Amino acid sequence: MPAGSTEPKHSHPSGIHGVFGELRRANTTIPDNKVTQVQRKFGTVSWSDAVVHEVKNTGKTNSHAIRIELK
């Protein structure tokens with residue numbers, strides 16, 4: 001995800017999220033419009049519940065991550 005860019009509203013099922021570089025972003029959950037600031041370091045792996053959100057890369061570098069979603 002390029003630095004400063006925003007991914008429009010989209011959804012994900014539950015899954016695992018792995019970070020391949022520094023990650024700084026603002027997640028806005030839908031429909032409550034709650035904004036959460038997220039910062040992760042290279043190699044961080046975390047569980048993510050199902051979500052509908054909009055994401056903005058607030059970092060100064062491109063972010064790289066992989067998501068494994070459960071179906």
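Visitor: Is Glu69 buried, exposed or partly exposed?
Guide: Glu69 counts as partly exposed, at 28% relative accessibility. Buried means under 20% relative accessible area, exposed over 50%, and partly exposed lies in between (1.4 Å probe, protein chains only).

Visitor: What kind of model is this?
Guide: This is a predicted model, where local features need pLDDT of at least 70, side-chain atom pairs count only at pLDDT 80 or more, and totals for chains, interfaces and linings use all residues. Residues are numbered from 1 along each chain as its sequence is written, and side-chain values use heavy atoms, with hydrogens and water left out.

Visitor: Back to Glu69. Which residue does it meet at 3.2 Å?
Guide: Arg67, in a salt bridge between the side chains, N to O. A salt bridge here is a side-chain nitrogen of Lys or Arg within 4 Å of a carboxyl oxygen of Asp or Glu. Arg67 is partly exposed at 22% relative accessibility.

Visitor: And what is the N to O distance between Glu69 and Lys71?
Guide: The closest N and O atoms of that salt bridge are 3.9 Å apart. Lys71 counts as exposed, at 89% relative accessibility. Shared partners join Arg67, Glu69 and Lys71 into one network of salt bridges.

Visitor: How many salt bridges does the rule give?
Guide: The count comes to 3. One of them links the side chains of Glu22 and Arg24 at 2.7 Å, N to O. Glu22 has a relative accessible area of 43% and is partly exposed; Arg24 is partly exposed too, at 36%.

Visitor: Switching to sheets. What is the strand order in the open sheet of 3 strands?
Guide: The order is β5-β2-β7, with antiparallel pairing. Strands are DSSP runs (E, at least two residues), numbered from the N terminus, and two strands pair if DSSP finds at least two bridges between them.

Visitor: How many bridges join β2 and β5?
Guide: β2 (residues 15–19) pairs with β5 over 4 bridges, in the antiparallel sense. His17 has Ser46 in β5 as its bridge partner.

Visitor: What about the open sheet of 4 strands, in which order do they run?
Guide: β1-β6-β3-β4, again with antiparallel pairing. β1 (6–12) and β4 (35–40) are the edge strands, each pairing on one side only.

Visitor: Which residue in β6 is the bridge partner of Thr29?
Guide: His53. β3 (residues 23–29) and β6 (residues 51–57) pair over 5 bridges, in the antiparallel sense.
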